[in-house]
Amino acid sequence: MTTYEADGITLEQVREFVWEIPREGGMNAPARVLASEALLDEISDDKTLQQLRNATHLPGVRKYAVCMPDGHQGYGFPVGGVAAIDAEHGCISPGAIGYDINCLTADTDVLLSHGRSLPIAELRDRFESEEAVVPTGDDLVESGIRLFTESGTKPVYEVETETGRTLQATADHPVRTDDGMVDVRDLEAGDTVAVHPFEGIEHEQPEEFTILSPEDFKGESRQLVRALEERDLLPLTSTDRKLPYLLKMVGYLLGDGAFAGNGQTWFYGDPEELEAIRDDVRALGFKPSRIYERERNHETDGNTFETTEYSFTVTARSLRKAFVELGVPEQPKVESGFTTPEYLGRLADWQKALFYAAYFGTEMNAPAAQHDKNRYRPKVSQTRTESTADAGRQFLEDLREFLGDVGIEANAIEEFETDSNRDHRTVRLRVGIKNDSVNLVRFFSRVGYRYNPEKQRKALKSVQYLRAKEREISRRERIASEAQALADGGTAVSELRDGFDINDRFVERSVWSGRSGRPQPGSDFPDYDEFCSETEVKEDGTIQSEVVSIEAVGEKPVYDIGVTHDAHAFLADGFVVSNCGVRMVKTNLTYDDVRGREAELVDALFANVPTGLGGGGVFEGTKGDIEDILEGGVEWALEEGYAVPGDLDHCEDEGRRPDADPSAVSQKAKDRGKNQVGSLGSGNHFLEVQRVTDVYRDDVASEFGLERDQIVVLIHCGSRGLGHQVCTDYLREIEQAHAGLLDRLPDKELAAAPAGSQLAEAYYGAMCAAINFAWVNRQLITHQTRRVFGKVFDEDPEALGMDLLYDVAHNIGKKEVHDLGDERGEVYLHRKGATRAFPAGREEVPPAYRGVGQPVLIPGSMGAGSYVLRGGENSLAETFGSTAHGAGRLMSRTQAKQEFWGEDVMDDLRDHNQVYVKAQSGATVAEEAPGVYKDVDEVVRVSDALGIGDRVARTYPVCNIKG
Amino acid sequence: MSYVLRDHTADVAVEAAGATIDEVFAAVADGMAAAMCESVPGGGERFAFSVTAEGREPLLFDYLDELIYERDVRRVLPVDNRASVSEADGVWRVEASARGVGFDDVSARDLKAVTYSEMDLSETDDGWYAYVVFDV
């Protein structure tokens, strides 16, 4: 095998132009370099290869990271780097109270799957096999945990809400509020935060034993047994991953289920409830039927009324048989003598809770108001025949015992004689939950109802209400006892009245007449129904709760976890910077039309297109304007008269990133953007009038509207200070929020926001907004260019055919779907100094070019010209649809300034190459001198040979302006 | 205090030294100005600002970032930097000032952002040393 040695890194040649750094150490994927040996010599001359290798340490890098032929050293990720980062693994974990968990104290409980909880510090040794519960706003989803980090001792704050619940977290810990995520440091008393009142039961590992073994299925068909074996349901042990689902379903079936012929198991309930059960049926590996709906007529006391009954069925003899073996009776329940399944007593409390909570979901009455006359209590009852009454008593005794074990008191079993059954004498057995506030809160927050969203929501509201009420009663008790103590000590009642934040009568009663029992909440405290109608439970079970205090509570060790969560990945900052990109505007002029007028043209362009530091912008906006730009992209420009409709059709994403979130862009960034809308900036950014010198593919060139000698304009710039501020802001935030992840990466500049985290979401929204800003920036420069051409050539710009060929970013992170080797999946595709190069047929390519492939613009250096390519047919397989973005630097800026003198470079270019250059700063010209770049021809040759970006045309500069 | 502009393929690096941490902060900031402009004219008003951060390196990063921000919104090139660095209860703070030369009076180029890449800020036998790469 041919290898290439470069400063301790060995590259193996895969085939011509394709080199691979094998995966080793902390790399999550191999790395590839696409280059000729000549280019590889240049690439290996600086830290490009180390940086490429470092980048593969990012969690979730898929298939391989790729370095384009023009790659060179950047910061963090190399310029010319492409990485596809898994879109399924990320890092967000709002736990028990709807927060992102990232800097919480050791005893903060994290809500896990199946109603379990554990203090965060205890997740250290088991996080990899755990699932946390993540409120997404719409839903509560279970998600694997990917990261656990201890972040050392930090100053910690305690946030207390109106219900008396507390959270201890660091100042930078984000908390969900009405206005989005807010750091603890920015919270104030009176703000509302999202809390999830369900606490669950502490996780414990159950004793290991077999619940179902093949012996239990003797006499059943081989097929039935195999159906269970294939789904990992047989043998079934106490620690099996699927047991929790079965426990819930068995609990439910003891209430609202029935068996029918042909192996059917029927579930009855509300549609919402049935949906939840259907999900679990699927989790077991079976297929639920759709939900059936039928009208039923009932007759009670001579009145008939109609109800709608909903149900679904699972047709599987194997599952039905498993349910029976797990304790669901085959006969009608009243007569069946069913009782607590034998195995239940040996399981862990959290497992028992699943069984009972599902049973409560069908059988227990919903939470309701506590009126004096109607003392509400949650209760369940069973009707039994005389002969099965003992089984019923046993079931309810076991239930009481379980509740007692988890700190919930239930009343003794009550019995009522009934005679409603024609055939047998029957008895009704009943158990209720003791209805003092503390006990009810425990019941609703630890066990509650499963599968019944309506009852669950009410239970969550009840928890909030009862906690708030309890807090108010405690406050009043304190006042009463203090007032009494002061009065006993001789303080006059008249003085006491003013001393407390409560009405006078309360103080008087506390001192004079005393009161029997605990005080009641005041008259301004809402009653239950009022509270419930004012309180909204979000789809994910969170409720808004008011913050009453935030206090510093000293320094404590803090922890992070990060959970995998749908459609999110690690979003790496630092390598998606300024959304810098290129656009080409065509004209119907030829080189002959321009010759002799270059000086005039370059002066006019320089005078009308802001360049350099502090040159201002074409448009000076207010904060509101900037927000509109961030939101609307080129659509904003069209509305404001800076664009024509065709510009939208020929821009990547039609000129607007829908995922843009202007609110995620800091004020600082917006401030910097205000006077830079429509400006080139400095560095390697430029505007160039070019002539087409070569056409390599006539058919594609003709589709692109390019021909030899045609004049075109290339504009290369990004989102300016705004984009850079966005990058800097998030880099710093990520550094603070995810120090644990960062510590494990080889370069701080690779700062990655674990996806799904609020920060990753915010960063993606901000970056997309900055992309819109970059497009508007290039659009306003286009607008000025059209005007300049109109003036210089004394024509209506429209008559000059100044249509946009394409606008494509080469510093961008985007959600895209790609082939990842073993599967297809959504990734955050990071292109840092690499250009998207989608081939013909790919959906994202604008209709105008879908038949031939996406135009790819490769700006070269001043003396060497540029290229127009089209996305090559191998690009998807080789490079996630990417190719090079330019020539790539060879020489540092400082060295360039020593070797070149701006004036000389300009004179040379004019005299020898007929290229007219005008720049704000001579130093910039020296820094960008042709000799400092790699040979763009060689870069493009490799791209073309690999079929990732095919040569269509080559252009050569006529006039160039820069900062 | 002193600074040197160092080679970096795509970007520019500033290497600075100072007898104290205050000096090295100011020296990096002056180096950053030098990366934007070869010869600095006189004139311009001084302006002051302060920045806090959770550590020494983050403070240097945020200080330079703030200078870039002030540059863009005040539309001046910040030169002749002065800095005073302190720490209390784990919070690092720099009280800084700079002379802001109006953009109209200077021929300067943009420098886009400060980076953490290869950043070094350390105490040496002779005082303090810093190395910062800027994105240009």
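Q: Why does F47(B) count as buried?

A: Buried means under 20% relative accessible area, exposed means over 50%, and partly exposed lies in between (1.4 Å probe, protein chains only). F47(B) has 7% relative accessibility, so the residue counts as buried. Before we go on: this is a predicted model, where local features need pLDDT of at least 70, side-chain atom pairs count only at pLDDT 80 or more, and totals for chains, interfaces and linings use all residues. Residues are numbered from 1 along each chain as its sequence is written, chains are lettered from A and ligands numbered from 1 in the order in which they are written, and side-chain values use heavy atoms, with hydrogens and water left out.

Q: What about F49(B): buried or exposed?

A: The relative accessible area of F49(B) is 9%, so this residue is buried.

Q: Why is the pair of Y252(A) and F267(A) called tilted?

A: The ring centres of Y252(A) and F267(A) are 6.1 Å apart and the planes stand at 35°, so the pair is tilted.

Q: What makes this pair a tie between parts of chain A?

A: Helices (H or I, at least four residues) and strands (E, at least two) are DSSP runs, numbered from the N terminus. Y252(A) sits in helix α4 (residues 243-256) and F267(A) in strand β20 (residues 264-268), so the pair ties together parts that are 15 residues apart in sequence. Both Y252(A) and F267(A) are buried.

Q: Why is the pair of F47(B) and F49(B) called stacked?

A: For F47(B) and F49(B) the centres are 6.0 Å apart and the planes are at 25°, so this pair is stacked.

Q: How do you know that R842(A) lies over the face of F838(A)?

A: A charge sits over a ring if NZ of Lys or CZ of Arg is within 6 Å of the ring centre and within 35 degrees of the ring normal. R842(A) lies over the face of F838(A), at 4.4 Å from the ring centre. R951(A) lies over the face of Y696(A) too, at 5.0 Å from the ring centre.

Q: How many disulfides does the structure hold?

A: A disulfide is a pair of cysteine sulfur atoms within 2.5 Å, and the structure holds zero of them over all chains. Take C768(A): the nearest cysteine sulfur, that of C651(A), is 14 Å away, and C768(A) is in no disulfide. With 0% relative accessibility, C768(A) counts as buried.

Q: What makes E66(B) and K668(A) a salt bridge?

A: A salt bridge is a side-chain nitrogen of Lys or Arg within 4 Å of a carboxyl oxygen of Asp or Glu. The side chains of K668(A) and E66(B) meet at 2.8 Å, N to O. Across the interface of chain A and chain B, the rule finds 10 salt bridges.

Definitions and conventions. Phe/Tyr/Trp six-rings, centres within 6.5 Å; stacked < 30°, edge-to-face > 60°.
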